[in-house]
Amino acid sequence: MRMGFAKAQWMEENERGWSSVGERRSVCGDCFNDSSIQRFIAERASETECDYCGRTDERPIAADADDVIGLIMESISTEWTDPVEELAYESAEGGYQGDMHDFWDVLEIVGNPIETAAFQEELERAVVGIRPVWCKRDYGALHLDEGLGYDWDTFV
């Protein structure tokens, strides 16, 4: 039996952790305060108008919003994941056992790179319906900064 398009798209979105914005929309570098995202957009710019801040230019200034969301989510996913992948679940203790954060907490922890409220709302629609809560990846392990701090304390 062949899978329908809608089901295939739903499965793909769940696998990657975010959904497409649907219609083709473009976002410019001015909607961000992060030079890596701005460079990514500049390299892929194909539109002369930003659908989020309204900025226009004669030369291409905006890239596909799905591509930019993909970059942001790929970056966040290097350190953060779905609690089902990391945490023990104990229904008698109230669910997943560990620190969990909503998406906006995670975005603030990683240094929210988004300047435009309209794009923040778009990102929320793309992510929260798929993965409403997050936890640190490799939950029980020390992260690099923690390990280096302990090594430094031992050294001195």
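**Aromatic pairs and the nonpolar core**

Phe-103 and Trp-134 are both buried (under 20% relative accessible area, with exposed over 50% and partly exposed in between; 1.4 Å probe, protein chains only). The model is predicted, so local features need pLDDT of at least 70 and side-chain atom pairs count only at pLDDT 80 or more, while totals for chains, interfaces and linings use all residues. Residues are numbered from 1 along each chain as its sequence is written, and side-chain values use heavy atoms, with hydrogens and water left out.

Five aromatic pairs are found in the structure (rings of Phe, Tyr and Trp, the last by its six-membered ring, with centres within 6.5 Å; stacked under 30 degrees between planes, edge-to-face over 60, tilted for the rest). One of them joins Phe-103 and Trp-104, whose ring centres are 5.4 Å apart with planes at 65°, so this pair is edge-to-face. Trp-104 is partly exposed at 23% relative accessibility, whereas Phe-103 has 1%. Phe-103 also forms a tilted pair with Trp-134, at 5.9 Å centre to centre and 45° between the planes. Because Phe-103 belongs to helix 5 and Trp-134 to strand 7 (residues 133-136), this pair links parts 31 residues apart in sequence (helices, H or I, of at least four residues and strands, E, of at least two are DSSP runs, numbered from the N terminus).

The largest nonpolar core holds 29 residues, and those with the most contacts inside it include Val-27, Phe-32 and Phe-119 (a core being buried Ala, Val, Leu, Ile, Met, Phe, Trp, Tyr and Cys residues joined through side-chain atoms within 4.5 Å). Helix 3 gives the largest share, six residues.
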